[in-house]
Amino acid sequence: MSNQLTIAYHIANKHIAEDIQKNLNPLGYDFTQVMSADGQTIAPQVRNTSDKVLLVISDNFLKSEESMHDLLEVFQDLIRSERVLPVITEGIYKDDITGIYTKKPTTFDRVSDAIQYMNYWQDEYLEIRRKKRELLNSEESTASKEEVLNNKLGVIRNISSDIGEFFRFLRSKEHVAYDAFRANNFAKFFQFIGHNAPSHFVAAPIEEANLEVPIPEPSPVLEAVETAATNVADTADLVEEAPIEIASIPGIDLLESVAATPTLEEDSLNFLPDTTTENPPIETTAAQSEDELMDALDKMFEEDTTEEQAEEVIETIEATTTEEVEEIAEEAETTIEETITNTTQMEEPTILATPQEPTVKEITEEDKLRQIHTMLSLDDVGGAMQEYFAGLEQFPESVNLRYGYATSLIKYNKDFDAARKQLKTLVNYDSENYNAHFLLGEIAELKEDYADAKLEFERVLELHPEHVEAPYRLANVLSNHFEGSEQQAGAWFEKAIARNPENADAHYQYAVLQDEYFDNPDTALAHYQKTIALDEQHPYAHYDMAVLYHGLEDMENAKIAYEQASIINSEVKTPQNDAAFLGVPLEFDLPPEGIIRDDAIEVIEEGENLIVEEEVLEDVEPLAVEEEEFLEEELVLTEDEPAAIIEEVEEEAPVAIPEVEEVAVLKSDIKRLEDLVLKNQNMLMMAQQNLVSLTEEEEIVPEQPRVDKVVVITGATSGIGRATADVFAAAGYRLILTGRRGERLEDIHTYYQENYGSDVLTRTFDVRELDAVKEMVDSLDESWQNIDLLINNAGLAKGFAPIHEGEIDDWEVMIDTNIKGLLYMTRAVSPHMVARGSGQIINVCSSAGHEVYPNGNVYCATKYAVDALTKSMRLDLHKHNIRVSQVSPGHVEETEFALTRFDGDAERAKIYEDFQPLKASDVAETIFFLATRPAHVNIQDVVLFGTQQASNNVLDRSGRA
């Protein structure tokens, strides 16, 4: 067992850490101190250690942003791996004016203790909101200052939502009060690390000057309340009723702070102050004021409340006068005194058994659910949220409470991240809860994390094969976001329709698949018709059916369907569609002068109508010298001479006029109405501009560099893949870019063409799908088949848990992507390289493929596999003149690595703030260097870190250099 340990604490409790070290260092135990202070957070430092941890928890700690930020999951991991011993000590506070220190006990045994800290963080949130409002109204407001406050709001909101769960885990873990810890000669420490305490060891005397601090006299009001509370506690054992909680008395919370008010942020947790009590309401002159406060709080939950109105409510609450507060305090004291009097006058326990004496009923899970249901029916959302929290404190494994809490977070707070956390916890308790998995799938789909959505919906169908909604949701994800999965999507749409024949969109999407991918017009037509029968105003079905009828040469029904589509959406009605479906001649406004480019238009004769369409010219080259004679003729075009124009063009540049199928033109880029509208606008613009006037003064764009080599990059939509594509595009290489996000690939394609004139192909598919990989390679035309360089970049990390707590689904995603995806791509591309006797493969490995780290288990294993495969591939392929290399970076920012690992949790993914890691462009330039060495040079592996990272487990987190 290692003698290296870590002590984590708040700066106010530094004397505790020093006292522990002073006593245990002589016994051979070395301690690394991790301290929270201004701008220095604990969680990232503790997360990256493999030591056992003494976590010193005090009131200072629980009220410190640097201590609590992102601590929950780190603490859970430490508990699960049995690597933490919580040590509880008092909070220490110094009065800045008097210089006097005070001690504050640290308690968390009851729900009211947790609510106390929750209220504290709610107040902090309101204070930052107030500062933000003042900043926005001041002349000093800047984007950077606003961003700082917004970030702080996010941190505090997360702490507020996590602290209750933190207390639950803390109570579940054995912990020790520091005084007892020390009084027993640190016996719990030796038990924690699995060592026997030395028989001669005795803890050194406490240095009184360090640990004892003077306590000032309390204020008269607080002293009276605290004294009364003590008296109640002392006499509570005389009765069977639960002890009276000071926090439960209406208005008592106003003594310490203004009542915590719900926030307005969409993703915040809303909690009302605890005003429940078993005693009758206190009728006082202050009661009316309290009612007004509660009414004001209730207004905060109205859906149409604006932020300005909410701020007015907050200001109203804050305007509560000192006199009102004192009145409430006096009434509270009176009530406590009466309770004490009544209690002390009670006789021996025999009286407690009389029928008149009420008994305390144990609250069950069903009671709590009924109570919450009643609150929600009365629109008391904040109270319901608080009761959910209290219920989970009492019944942490309750599936119904946790699921209800998650759905309420979504419904009332729009807090999808908090709901996702609750559902993840739920499936830890009940991994076969298909309802939780289904809701996780819906959240993932909403967050555009389609890979996770797919996995969750598949999990639902494993657990509940007859689920009604899951087939439709899975089919929808596959059809729209996983190219090459059309066959699977179609099968799931069939099941979705069988289980819910009234699902209009399932019929429509299935019709599109049959029409566009499987060439089954009869089946497609039947489902388009069913879609319309279920939803006459469906925005797409009428038009798609019109196009399908057109392709079947059923012009009468095509016309009917088109006219109906035009009524539903006027944007469908365009000159081109009128010409195709109604036979209306297409007219153009021609400029008085101009010159026809012989390669810019296509002339189609259909009966007596003339249709002119411009070809899409992806790369318009400057006119060749031999074309100048044609330009000098400078044909004058008028509306009266179309036939003459056509005849003259044909004489100058004869073209073959093929028989044209109009339906192919209409269907070319139409999958959805949005695409249709864009296409129609482009077609109209091209028709109006088909007579292009080119002059000798036309600007000639300088040529970009060109390298006649084809490079395939997987995972090119972000991070290292995108940065690598940038470097090769700028250098003029021909690129085949692959990824799972088609829209991003389209944007990249457009950007490279506009900025580099690049020759780029994009292919949307998942490297985990073997058939999709094969189809991608097999579908390349001859000019793209000679792939010179394959960069196996696609990879990811999912989860950050010890091996006994890991998510099986996360493991499978990593193994399938990082290992099998690399193998599939290599198997599909390398035979062509072998046949040509040339080529290069560069695998993106990781420093995790050379050195493991805590909680990295399966991810590290996949990267070790990449390292082994790279070496083996090199042995197999070097005799075919194929170079095999890899690059192994450490921490890299400008990627989605951390965001993916932590399931989209942006706050938790902020792991690079206290040091400077590599940038994605650094790795990209290294890859480019490997690829551009002379043919006789093969750099086998490059391991690179940022300067502040010595290894996977040794980092300088003192701040960015």
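Student: Where is the place of Asn 881?
Tutor: Asn 881 is in the loop between α38 (857-877) and β15 (882-889). Helices (H or I, at least four residues) and strands (E, at least two) are DSSP runs, numbered from the N terminus. Residues are numbered from 1 along each chain as its sequence is written, and side-chain values use heavy atoms, with hydrogens and water left out. This is a predicted model: local features need pLDDT of at least 70, side-chain atom pairs count only at pLDDT 80 or more, and totals for chains, interfaces and linings use all residues.

Student: What phi does Asn 881 have?
Tutor: A positive one, about 65 degrees, although Asn 881 is not a glycine. Most residues other than glycine have a negative phi.

Student: OK, rings. How many aromatic pairs does the structure hold?
Tutor: It holds 29. Rings of Phe, Tyr and Trp (its six-membered ring) pair if their centres lie within 6.5 Å; planes under 30 degrees apart count as stacked, over 60 as edge-to-face and the rest as tilted. One of the pairs is Tyr 29 with Phe 189, edge-to-face at 5.2 Å centre to centre and 90 degrees between the planes.

Student: Which parts of the chain does that pair link?
Tutor: Distant ones: Tyr 29 is in the loop between α1 (14-24) and β2 (30-36), and Phe 189 is in helix α9, 160 residues apart.

Student: Are Tyr 29 and Phe 189 buried or exposed?
Tutor: Both are buried, that is, under 20% relative accessible area, where exposed is over 50% and partly exposed is in between (1.4 Å probe, protein chains only).
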